[in-house]
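The exercises below are to be worked with the sequence and the coordinates open. Each one sets a task and then goes through a solution step by step.

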Amino acid sequence: MRPLLESAREKLRRRKVVAVMSGKGGVGKSVVAALAALAKPGSALVDLDLEGASAPRLFGLSGRLHEISKEGIEPLEVGGVKVFSLGGIVGDRYVVLPGYGQAGAVEALLAFAKLGDSDPVVVDMPPGMGEELLALSRITDFLPVLVTTPSKASYGVVKHLAEYLAEIGKKPAAVVLNMAYVDCGGSRIYPFGRGEDARRLAESFGAPLYELPIDPSLEDYVGRIHEYRGPIAYVVRQMVEGL
Ligand SMILES: Nc1ncnc2c1ncn2[C@@H]1O[C@H](COP(=O)(O)OP(=O)(O)OP(=O)(O)O)[C@@H](O)[C@H]1O
Ligand SMILES: [Mg+2]
């Protein structure tokens, strides 16, 4: 009997869990996860990046800590989204954990998060295929959203992740090709190629592919992502509706 694992399982039972992942770092997972949560009122966003704490940075919550009581972990609410983050517990400190410690942190955050009636629960995964992914797999039957860029380096890692997911009986619910093109006065420029590899990968798993543009204005919204209404939000909303 593992009480934390059991409580985390119970907490997520009967909720749709969307896990935004990639294997690769810096490809836009946190942006996609934040906009996915914002796309549906009543969503929760759970940031499982122990080192990065991206969700607080994107929503302007850095430095704010979760209130923790006997009842559980209070969310930080922004833009109609209940945000939970390991960064909101440890604050501005670094955390180095062995594998079992990472699993424990994931289980504890989900077990004690006061999710209320939040649905769906969007999970922002850290880069890599490490303990957080294994821990989440033990807890819930999530819908994987795979994020890649058109670069060969990113695609190679995402392909491995898709293969691993297939091995554990899951297929991508969607593939997101981020930073695919730049919109230049109505015509699209594809600076890194057309992303054929990602398209084939999505097709091979029967998953829809969503292309996101490079939007230079996005950087202005770091800290207030809930106010962003640009083209990336528009496509991510379509993706969420398709899940
Ligand atoms: N489509 C885009 N257009 C412009 N900037 C983008 C786009 N997608 C992501 N970015 C920027 O790229 C950077 C990395 O994005 P993000 O933090 O979402 O990546 P990540 O995959 O979550 O990274 P990590 O692996 O560190 O968690 C951020 O500064 C973000 O604002
Ligand atoms: Mg991130």
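**Exercise 1.** In this predicted model, describe how helix 5 packs against helix 6.

Solution. 
- Step 1. Two packed helices are described by the angle between their axes and the distance between the axes.
- Step 2. For helix 5 (residues 99-112) and helix 6 (residues 131-139), the axes come within 9 Å and cross at roughly 45 degrees.
- Step 3. An angle of this kind makes helix 5 oblique to helix 6, and the crossing of the two is right-handed.
- Step 4. Helix 5 contributes Gly99, Gln102, Ala103, Val106, Glu107 and Leu110 to the contact, while helix 6 contributes Glu131, Glu132, Leu134, Ala135, Leu136 and Ile139.
- Step 5. Sorted by class, the contact of helix 5 with helix 6 holds seven nonpolar, two polar and three charged residues.

**Exercise 2.** Repeat the analysis for helix 1 and helix 5.

Solution. 
- Step 1. The axes of helix 1 (residues 3-12) and helix 5 come within 8 Å, with a crossing angle of roughly 45 degrees.
- Step 2. That makes helix 1 oblique to helix 5.
- Step 3. Handedness is assigned next: the crossing of helix 1 and helix 5 is left-handed.
- Step 4. From helix 1, the residues that meet helix 5 are Leu4, Leu5, Ser7, Ala8, Lys11 and Leu12; their partners in helix 5 are Gly104, Glu107, Ala108, Leu110 and Ala111.
- Step 5. The class count for the contact of helix 1 with helix 5 is seven nonpolar, two polar and two charged residues.

**Exercise 3.** Why is helix 2 described as largely enclosed, and what does helix 2 give to the shell around ligand 1?

Solution. 
- Step 1. The buried residues of helix 2 are Lys29, Ser30, Val31, Val32, Ala33, Ala34, Leu35, Ala36, Ala37 and Leu38.
- Step 2. Because ten of the eleven residues of helix 2 (residues 29-39) are buried, the helix is largely enclosed by the rest of the structure.
- Step 3. There are 22 residues around ligand 1, and those that come nearest are Gly25, Gly28, Lys29, Ser30 and Pro127.
- Step 4. Helix 2 and strand 9 (174-184) are the elements that give two or more residues to this shell. Helix 2 gives the most, with three residues.
- Step 5. By class, the shell around ligand 1 divides into ten nonpolar, eight polar and four charged residues.

**Exercise 4.** Compare the surroundings of Leu209 and Leu61.

Solution. 
- Step 1. Leu209 is in strand 11 (residues 209-213), and Leu61 lies in the loop between helix 3 (54-59) and strand 3 (68-69).
- Step 2. Leu209 counts as buried because it has 20 C-beta neighbours inside 10 Å. Leu61 is buried too, with 21 other C-beta atoms within 10 Å.
- Step 3. Not counting residues up to four places away in sequence, Leu209 touches Val175, Leu177, Ala198, Arg199 and Ala202. With such neighbours likewise left aside, Leu61 is in contact with Pro56, Leu76, Val78, Val83 and Gly88.
- Step 4. Leu209 and Val176 are 33 residues apart along the chain, and their C-alpha atoms are separated by 5.7 Å. For Leu61 and Leu165, 104 residues apart along the chain, the C-alpha separation is 32 Å.

**Exercise 5.** Examine the backbone at Arg14, Met179 and Pro120.

Solution. 
- Step 1. Arg14 has phi near 65 degrees, a positive value in a residue other than glycine. Phi of Met179, also not a glycine, is positive as well, near 55 degrees.
- Step 2. Arg14 is in the loop between helix 1 and strand 1, whereas Met179 lies in strand 9.
- Step 3. Arg14 is exposed, with 6 other C-beta atoms within 10 Å; Met179 is buried, with 22 other C-beta atoms within 10 Å.
- Step 4. Asp119 and Pro120 are joined by a cis peptide bond, with omega about 0 degrees. Pro120 is in the loop between helix 5 and strand 7.

Technical notes
Residues are numbered from 1 along each chain as its sequence is written. Chains are lettered from A and ligands numbered from 1 in the order in which they are written. This is a predicted model: local features need pLDDT of at least 70, side-chain atom pairs count only at pLDDT 80 or more; totals for chains, interfaces and linings use all residues. A residue is buried if 20 or more other C-beta atoms lie within 10 Å of its own, exposed if 12 or fewer, and partly exposed in between; C-beta atoms are placed from the backbone. Helices (H or I, at least four residues) and strands (E, at least two) are DSSP runs, numbered from the N terminus. Axes are lines fitted to C-alpha atoms, for helices over the stretch in contact, and angles run from 0 to 180 degrees between N-to-C directions. Angles under 35 degrees count as roughly parallel, over 145 as roughly antiparallel, 65 to 115 as roughly perpendicular and the rest as oblique. A crossing is left-handed if the near helix is turned anticlockwise from the far one by less than a right angle, and right-handed if clockwise. Two residues are in contact if their C-beta atoms, placed from the backbone, lie within 7 Å. Ala, Val, Leu, Ile, Met, Phe, Trp, Tyr, Cys and Pro count as nonpolar, Asp, Glu, Lys and Arg as charged, and the others, Gly among them, as polar. A residue is near a molecule or strand if its C-beta atom, placed from the backbone, lies within 6 Å of it.
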